[in-house]
Amino acid sequence: MAAALASDPLVVGSLDEQRVRRVITAPAETAGARVDPALVEVLLAELGVRSQHGLSPSTLPLLSHVLLATWERARTSTLSVADYRQTGGIAGAVEHTAEAVLGTYDVDDRAVAERLLLRLVDLDGPTVTRRLVPLSEVGAVASEVVDDLTDARLVTVDEQFVTITHESLVTTWPRFAELIDAHRDWVVHHRTLTQYAHGWNETGRDRGELLSETRSALYESLLSTGGRREHLNALETEYLTVSAAEHHRAADARRRRARVRAALTSALAVMTVLAVAAATFAVSARSRAVSERNDAVEARAIADARVVLAQSRRLRDQDPALSAQLAVAAYETDPSFDARSAVLDTTASAFPTRVVGSAGPTQSVLDEAGRVLAVGYSSGSVDLYSDDSDDASAFAQAPPARLSTDAGPVQSLAVDAAGTRLAIGSATGVAVYDLAALDRPRRVATLPLDTTAQSIAFRPGVPELAVGTAASTVLRWAYETPASPTRLDLPGAGNTVVAYTPDGGRVLGAGNGRTLAVWDAVSGAPLFAVPFDGSTYRYLDLDVSPDGTTLAAGSTGREVARWTVGGDGLLTGLAPLGQFASYATSVAFDRTGQFLAAGSADASTLVWDARTGDEVTEFPGPATVGSVAFDRTGSLITSDGAGTTRQWRLPGPDLPGPTSSVYTLAYRQGGPSVLAGVGVRGDGAVLWPAGTGGVEPPPTTLRPGPGVTYSGASALSWDSSTAAIGTTTGGVELWDVSDPARPVRLGAIDAVVPLLVGGLAFTADDRHLLVSQQDRPDIAVLDLADPAAPRAVSTFTVTGLPSLSVFRTDRAIVHVATSAAAVETWDLTDPARPVRVGALTGLPAGANAVALSADDAVLAVGTADGTVTLVDATDPAETRVLGRTGADTEVYSLAFDADDGRLVGGTSIDSAWIWDVRDPTTPRPYAALSAIGERVNDAVFVGATSLVAGGAGGTVRQWTVDPEFAVENLCSRAGTLVTEQEWADLLPGVNYDPPCDEAAPRAPR
């Protein structure tokens, strides 16, 4: 200590707000620059200076980093909010630095780093906080990683402890958030184990501090998966080992006592009184044993449910069907916050109905009407389904008719247009079956071959088959005649694939080296040809659009090649679609020509608008996609290399319309429409019709006037008849949206505020509109008496920067969220002279969002640190805090449901959070919905049970918020439930307990 003090250290304590201001501004002044006061306010709010009553010195490196990045991007000598935003803010600085560190590690070092990061956090329900970790707990293995993270100013180390430098590392680094989410349940258990191990060590390793047998079994179960033993340090490992040894010792002692009791049985038999007493004691002991056993069973069930849920999360982007089923299985065992969230997410995700067949490559085809489905397997069998139902998943509800062949694996498959004939290609030939009686298919023709029938197609209206072979030949076979097939040659091609035009007039063939040909189907005369070019590029599948004008081909070039088909049979190339990570194995147009789908060896399936080439949706999968086809309901059928066939509903989970980031969503309960404010790169704002069941496409786009760009700010009048949309030049455009399908532009005003419009709010009488801007504290008031000519009547100024605002229904009073960690209340009874009548101050961080209950009694406030504060707003001038809850990241928006019992908020990570606020004094998290997969800027309840959220990437999705409905919906569409083998492969050590058990408990936790 003397040596340390001799070096004249400077001890830095917590910095108050004034000192932090100087820390921000002084270095810039020294360099001849200045920091815009607005930027100072933003930084104070984002650092939580006011909420923490000062700034920890450990945060200074982070602040230094982001200020340097801002200065490097500044276009003038003044560091502005815009310059700061370009850096990505504190979040961007943290993410960039953290990714740079991890990018230098190999796989092993990265795993060490991830385990260290998980050790540096605590979880309290959905809340993540940083943890002060003794260096002795980290151990020598992670010491180099600690040094690297310390050098990068991401963690802080002193003589005894290591901790994360700032909470923002937890909340704004996507990789860290994903890591925590993937290991959430394990982290909770690990923290508990760490505490037990420390307690045992600090009490001199007292045997009484060892784990109970039940807890020891629980941890052995948890450690059996996911390489979790690597997460333990030496003390924790020793603690578990000693605990297990103690249980073995106790078990041995019990066995010895049992042997002694057996030896004394004859002596004890004469002691009647003692025997009665012993019996009484045995009953009591048995009762305790039963109770302990029940507790152990319950603990094991909960632990297993968490393991199941973790596997569900891992599979969400690989096998959505299994992921959804495992989410339900976890929920039925333990209806926790996380399980409920996962189940609700299935309602906004693309999860298919699935049928699991024989293992191995599988392909499926349908007739023209989409009523007969044939699924061929590598076992040589073909399952036949007849679907006359309007239920999209009906094919999975009844067992199929099974046709077994002796020709080996099914290589190719086709059903004729009428659904009366089935052709099966194999390595030795082609067989044709009559399907007049689907449950008793009858072979009617056979074509032996000395090559593999790789592709087959029925000619529309004619009993003829085209057969693509492994050789450079296409065969045309009139299968109802004894005549031999005719040959069409593609010199040098090999591995040929075939198709007919829908009118049956042309036959098309393609193969290796970009070989492509068109023949007249009547005469066999060649009409068009592209010769073999010697390359390895190969066409793998062909399909022609229903109108016969477009040819699509899957290829080894990882793309879908396209051509227009002329009336003379000539092909003209079009731009290819897609850029898969592997071969595009199969293609198909739907029966209307609206969609084109392609499956890939990378396990994904893409669907495009066939007319525009715009991507509509992508479906993930766990194995190579062997075939794609559309059924009569418009659903997409895919079959894969692992024996599973799936049915996907189109157009997918994303609501159509937005073409850029969605910043705001506006909806009035009971109103006819939902309005989305879309960012500057979009085509305009988007309006969807809305009903009791939620949003109902199709959408309508509100396009800006000439020379106008929308900013993303939007609002709906209280009667839902008028939409206000902000512009990038400080203006507003007004639309009549009383008929959502036929909006009419009413009027516009420009430059109401100097900068981009960030927020809009109507007064309750719809007579006036508030317009706030980004980066300035001024708010303008517009008079809308004449919507064709809105006019500005006043401006008022708040402290800090305004965010969202909400008007009360009972009078012209508005609550404005500000970056100064406050909500200001203003009276606009006289719109020309707004008067501030109150303020809610001392919030934990800058206020981003406000929402009012329908009766104006409860005000909800969301802040930058993720806190949601519920306030008694009965008297708007005298508000008081009722209760607090929150999310694990910054809250961007808030909205109540129709009954004011739930509150939803968009957040800075990929989740819309829902809170139960029926009792505002004790609000609690209800669910965190992350199916959208990107930052959620806004979310609103629509109707009784629906929720709509919009994201930073332009994605908008819709959920149901009733978990019972979600479970019922999934179970009715699941098809084949998770098999015992799948369960064993995914969840070793967890008892097989498939979902959709009608007797399962549903009580929420």
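Cysteine 971 and cysteine 996 form a disulfide, with 2.1 Å between their sulfur atoms, where a disulfide is a pair of cysteine sulfur atoms within 2.5 Å. The pair links distant parts of the chain, 25 residues apart, with cysteine 971 in helix H19 (residues 963-973) and cysteine 996 in the segment after helix H20 (980-986). Helices here are DSSP runs of H or I, at least four residues, numbered from the N terminus.

This is a predicted model, in which local features need pLDDT of at least 70 and side-chain atom pairs count only at pLDDT 80 or more, while totals for chains, interfaces and linings use all residues. Residues are numbered from 1 along each chain as its sequence is written, and side-chain values use heavy atoms, leaving out hydrogens and water.

The torsion about the S-S bond of cysteine 971 and cysteine 996 is about -95°, so the disulfide is left-handed.

| Residue | Relative accessible area | Class |
|---|---|---|
| Cysteine 971 | 26% | partly exposed |
| Cysteine 996 | 22% | partly exposed |

A nonpolar core is a set of buried Ala, Val, Leu, Ile, Met, Phe, Trp, Tyr and Cys residues joined through side-chain atoms within 4.5 Å. In the largest one, of 73 residues, Trp688 and Leu947 touch the most other members, and helix H17 (residues 320-333) supplies the largest share, 8 residues. Another core, of 55 residues, lies apart from it and has Tyr84, Leu118, Ala142 and Ile164 among its members.

Technical notes: Helix = DSSP H or I, 4+ residues; strand = E, 2+ residues; numbered from the N terminus. Buried < 20%, exposed > 50% of the residue type's maximum accessible area, 1.4 Å probe, protein only.
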